[in-house]
Amino acid sequence: MSETPILQLRGISKSFGSVQALTDVDFEVRHGEVMALVGDNGAGKSTLIKCVAGIHGVDSGEILFEGKPVHITGPKDAARLGIEIVYQDLALCDNLDVVQNMYLGREERDRLWRLKEPIMEQRTAETLRSLSVTTIRSIRQPVASLSGGQRQSVAVAKAVQWNSKLVILDEPTAALGVAQTRQVLELVKRLGDQGLAVVLISHNLHDVFEVATRITVLRLGRDVGVYEREKTTQQEVVQAITAGIPTKVAGIPTTAPELAS
Amino acid sequence: MSSEVDVAAPGIGLPEGDEAETQARLWRRAYDNLRTGNLGILPIAIGLVVIVVFFSFKATNFFTADNFNNVIVQMTGVTMLAFGVVFVLLLGEIDLSIGYLSGIAALTVAEFQLPGSGHEYPALVAIAIAVGICAFIGGVQGAVVALVGVPSFVVTLAGLLIWQGVILQVLEVKGVIVIESQWINDTAVYFFTSTAGWIIAAVVTGIYAVGTLGSLLGKRRAGVAIRRPLLLIAKVIGVAVACFGTVAVSNHASVPNGLPLAGVLVVIFLVGLSFLAKRTPFGRHVYAVGGSAEAARRAGINVARIRIIVFIISGAMAGVGGVILAARLNSVDLNVGGGTLLLDAISAAVIGGTSLFGGRGEVRSALLGALVIATVSNGLNTAGYKTGTIYIVTGTILLLAVTLDTIARRLQARSGR
């Protein structure tokens, strides 16, 4: 089944002053896959994601979304395309409850500027149920009273709710304990199963190997390889992270031969 | 075994089924609220009862219908200011200029009703100009806070000095301006006839009951669980008792007989601003910015806009309060906007349970807090205590209230994670 990847980055370069953060990076995500983006600190993972989010502009290269070239100049552009990003520090308001957080900034209201609470509550419940997030006792409790895993689940559900097609998770398990990490990884898997494209940025190869379909490795601002999880080992990926050499030729990722026209 | 997963079973609607389970659930909720430091109005309600009982024994003419009306009229100005303070505190900001800003409103309204001054306007226009000027000043101060990034404490401290200076400059020349416009003075000293009072009580209760019913139907239609149905009924009954009780006592008063218009104005602003805070996207965004400005920004909320509007609200409410305070005295003099007005307004909001750290509080807390402050000061006055004692007692209550809030906050932080 060869289909157009939902997101394709071709030859992305980006520099901050004299620092070359990204050099000629290719990256792609397909529908229904969990693409892990791994690399050492400073490899350019965050910069790449911020280019997709519209927080940084790119110096050269092109971004294709569903096969069409797009210009993303701000977070709103990204949201309009269906790209949602869950940042490391969650961006939830502790004092608001789950429903209020899910709809923050996009509240449903009627013509008299009244919030449509029942509808928002109902849809929140539906979204959480569809993601099998069942550990939250009441969706009317403030987020402050949730555990780290529950908060992460809410943040992910919030991103998914808006008919998003691509969800980017930045280190979703970094601050979590074992049980909660499991909870979030299960959620990530379910996102993929539902046909969403997921980009998972992580330091933790164990997590990555548990949920990812494919793994892209960045090193020193270059992509050094794309690996299919089933055909690779942690050792090989670690090798790529620490000492990988760019191997691609003419902008064609090595493991996507069906794309080479 | 009762399901502890609201999310998994949100379509159950009214919790039918056995009484025991409902009871257990209620207790569970109450316990949860206590554990997370969500004390609601319980402490302040208890405090208020204690204060009233204490002074009823201490002073013979405290627990009378006349004094009841007195308290309402005395507290109205501060309450209006405190309503604005709640919004500012919700953002985690502070507005120190409201005291003298209310003075500016008083000055303006007095100036624009002055017969033979060449700029005499009808009372309502004069009031609108006064409130408008305060709103504008609030907006300018808010813009400096939100767009430039100067801390609100500094901006509004500067405002405090500047507006005090303006008042002194104007009134040093004029001395006292007497407010002759009956319309303006009526905002503080008009009393409804007893029939009108009953009608108002019925209308307010009716609106509240219809509103509650409407939201219940909305939830029913969406198939969302209705929480604590008993509490809702209790609330409607409570509002009815409060409305009719107030009117009954006010109608009993002898000297200014009847329900004071000032009290009705307080209720109108209470309802309007509560609606704004709790039922509109704007109010939701105010809470969000107060909770986490960064999260609000990432959610696409224009944080600067919210901040500026909140300072406009604060300024406008200072204006409304200023007009009413001036109306009560029928005049404006050099002391306008000074004294303990500013601190009383902020104390009222904080005593009522609004957090100084932002994100937590209710509009009604301003009313409750103002009620406490007014009752204490009125009680100490009638019991023959001096001003010094009033300050000491008010200060102690403020300290107690903030301590309680801080402990509540700690509990909340501990129950998270």
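**Entry 1**

I began at A:Ala36, which stands opposite A:Ile215 in S9(A). I took helices and strands as DSSP runs, helices being H or I of at least four residues and strands E of at least two, numbered from the N terminus. The model is predicted, so I kept in mind that local features need pLDDT of at least 70 and side-chain atom pairs pLDDT 80 or more, while totals for chains, interfaces and linings use all residues. Residues are numbered from 1 along each chain as its sequence is written, and chains are lettered from A and ligands numbered from 1 in the order in which they are written.

S3(A) and S9(A) pair in the parallel sense over four bridges; two strands count as paired if DSSP finds at least two bridges between them. On S10(A), I found an antiparallel run joined to S9(A) by six bridges. There A:Glu228 is the bridge partner of A:Arg214. The hairpin of S9(A) and S10(A) has two residues between the strands, and A:Leu220 takes a positive phi near 50° in it.

Is S9(A) enclosed or open? Six of the six residues of S9 (residues 214–219) of chain A are buried, so the strand is largely enclosed by the rest of the structure. Buried here means 20 or more other C-beta atoms within 10 Å of the residue's own, exposed means 12 or fewer, and partly exposed is in between, with C-beta atoms placed from the backbone. A:Arg214, A:Thr216 and A:Leu218 point one way, and A:Ile215, A:Val217 and A:Arg219 point the other way.

**Entry 1: the whole sheet**

I then traced the six strands of chain A, which form an open sheet in the order S6-S7-S8-S3-S9-S10 with mixed pairing. S6 (83–86) and S10 (222–228) of chain A are the edge strands, each pairing on one side only. On average, neighbouring strands are turned by 20° against each other, direction ignored. S7 (residues 166–170) and S8 (residues 197–201) of chain A pair in the parallel sense over five bridges, and A:Leu169 has A:Leu200 as its bridge partner in S8(A).

Helix H6 (residues 178–193) of chain A lies across S3 (34–38), S7 and S8 of chain A, and runs at about 150° to S8(A). Axes are lines fitted to C-alpha atoms, for helices over the stretch in contact, with angles from 0 to 180 degrees between N-to-C directions.

I checked A:Asp24, whose phi is near 50° although the residue is not a glycine. A:Asp24 is in strand S2 (residues 19–29) of chain A and counts as partly exposed, with 16 C-beta neighbours inside 10 Å. B:Asn330, also not a glycine, has a positive phi of about 60°. B:Asn330 sits in the loop between helix H13 (303–329) and strand S2 (331–332) of chain B.

**Entry 2: where the chains touch**

How many residues of chain B are in contact with chain A? I noted 36 residues of chain B in contact with 32 residues of chain A, contact being C-beta atoms, placed from the backbone, within 7 Å. H11(B) gives the largest share of the chain B side, six residues.

Terms used: Two residues are in contact if their C-beta atoms, placed from the backbone, lie within 7 Å.
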